[in-house]
Amino acid sequence: MSKYYTLKSNFSKNFRIPTFNGLYWQGGGNPNLKPESSYQTEVGQEIKYRNITLSTTGYYTEIQDMLRWSPGSNGIWSPNNVAKVTVYGTEILLNGDFKSGNHRFNINGTYAYTISNDELKDKQLIYVPYHKLTASASYSFRKMSTYYQFLYNGKVFTSSDNYYTLDSYK
């Protein structure tokens, strides 16, 4: 739309067939898997000013017969179809890159808020955090550099009834 501002959108219909391992893996395969299909839409914007970029994207996806690996009662993971899943949320990305002579400084940050809802159970899917944050910073001078990285992964559910959880971690 301008030198500093970009508006982006994407609409798609997607299809994914089960993998050979998903169908026939010894001890955990499921020969009754159906293909997964989905409709996806996303709208985003990007603002650039000098060496700084800020990007935000909102998305919404409806998935039919989602292919999902999950642990069985015997502890062995196997694939199954989740009848209908709705996934929506937002992502925010920030990037800055600064250079002065032999000095270079770079920062990156991402934040994602995700709802991944099993429509039949009205529960968040297992191992999908609501909140995830990453950040990194680097400094370099000639051939020497230092780097710092941070990750925050929000609490996740480990059972499909959302009773058991793993705490958030950094």
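Helices (H or I, at least four residues) and strands (E, at least two) are DSSP runs, numbered from the N terminus. This is a predicted model, in which local features need pLDDT of at least 70, side-chain atom pairs count only at pLDDT 80 or more, and totals for chains, interfaces and linings use all residues. Residues are numbered from 1 along each chain as its sequence is written, and side-chain values use heavy atoms, with hydrogens and water left out.

**Exercise 1.** Work out the order of the elements in the protein chain, and how spread out the chain is.

*Solution.* Start with the count: one helix and ten strands. Read from the N terminus, the order is β-α-β-β-β-β-β-β-β-β-β. The radius of gyration is 20 Å, well over the 15 Å of the globule rule for 170 residues, so the protein chain is more spread out than a compact globule. Here the radius is taken over C-alpha atoms, and the rule is 2.2 Å times the number of residues to the power 0.38. Next, the box: along the principal axes, the C-alpha atoms fill roughly 60 × 35 × 30 Å.

**Exercise 2.** Find the residues of the largest nonpolar core and the elements that give two or more of them.

*Solution.* Such a core is a set of buried (under 20% relative accessible area, 1.4 Å probe, protein chains only) Ala, Val, Leu, Ile, Met, Phe, Trp, Tyr and Cys residues joined through side-chain atoms within 4.5 Å. Its eight residues are Tyr 59, Ile 63, Met 66, Val 82, Val 85, Val 87, Leu 125 and Val 128. Strand S3 (52-71) and strand S4 (77-100) are the elements giving two or more residues to this core.

**Exercise 3.** List what Ile 63 touches, leaving aside its neighbours within four places in sequence.

*Solution.* Apply the contact cut-off, heavy atoms within 4.5 Å. Ile 63 then meets Glu 36, Ser 37, Ser 38, Ala 83, Lys 84, Val 85 and Val 87.

Definitions and conventions
Buried < 20%, exposed > 50% of the residue type's maximum accessible area, 1.4 Å probe, protein only.
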